[in-house]
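Subject: Structure for your review

Dear colleague,

Please find the structure below, followed by a short account of what was found in it.

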Amino acid sequence: MTREDQTASGTMAHGGGPGNAGADRGADRGADPEAVHAWARLVRVSGALVSAVEADLKAAGMPPLGWYDVLLELERAGDAGLRPVELQARLLVAQYNLSRLIDRMEAAGLVARAADPDDRRGQRLRITAEGLRRREAAWPVYRAAIGRHVAARLGPGEARTLAGLLGKLAG
């Protein structure tokens, strides 16, 4: 196992490791060295790619990737919008992070909150016209970044193979 693998597999955020005395030993049975190496590389490469795409968006004066994802999900939801808990499930982010993100996006005029007609205590989030404009303006930059940082590094058919393998992990 390389130092990189030990670092990625030995942290609590990435599933514990040899130093995690409370870990379920049965869960470790399938983690052969190749799987640990694949996990470490997936975590490292994912972070590096997200950082590279974020840098491209920032250089073009576009909002962060997390903002893009929120705007895309709200756009897909249409006029009905989404309850915060629905948006959270689609994005897989912690509720406290999403609340702060929505506050900033609302202050920037990209999303709007409205009372939920089905739940007096709840609210629905909708993309604004400005939010739609910003999401549409960011897409060409985002698409070019994916091309530069992913597509340009893969040979014919490799993107399809990679997507298939990642799909297996997604379940």
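Trp 39 is found in helix H2, helices being DSSP runs of H or I with at least four residues, numbered from the N terminus. The model is predicted: local features need pLDDT of at least 70 and side-chain atom pairs pLDDT 80 or more, whereas totals for chains, interfaces and linings use all residues. Residues are numbered from 1 along each chain as its sequence is written, and side-chain values use heavy atoms, without hydrogens or water.

Trp 39 counts as partly exposed because its relative accessibility is 36% (buried is under 20%, exposed over 50%, partly exposed in between; 1.4 Å probe, protein chains only). Together with Leu 42, Leu 162, Leu 166 and Leu 169, Trp 39 forms a nonpolar patch on the surface, with about 450 Å² of accessible area in total (Shrake-Rupley method, 1.4 Å probe, only the protein chains shown counting as cover). Such a patch joins nonpolar side chains (Val, Leu, Ile, Met, Phe, Trp, Tyr) within 5 Å, from residues with over 30% relative accessible area and no salt bridge (a Lys or Arg side-chain nitrogen within 4 Å of an Asp or Glu carboxyl oxygen). Helices H2 (33-59) and H7 (158-170) each give two or more residues to the patch, and H7 gives the most, with three.

The largest nonpolar core has 15 residues, and Val 70, Leu 87 and Ile 102 are among those with the most contacts inside it (a core is a set of buried Ala, Val, Leu, Ile, Met, Phe, Trp, Tyr and Cys residues joined through side-chain atoms within 4.5 Å). H3 supplies the largest share of this core, five residues.

Yours sincerely

Methods. Patch = residues over 30% accessible without salt bridge, like charges linked within 9 Å, V, L, I, M, F, W, Y side chains within 5 Å.
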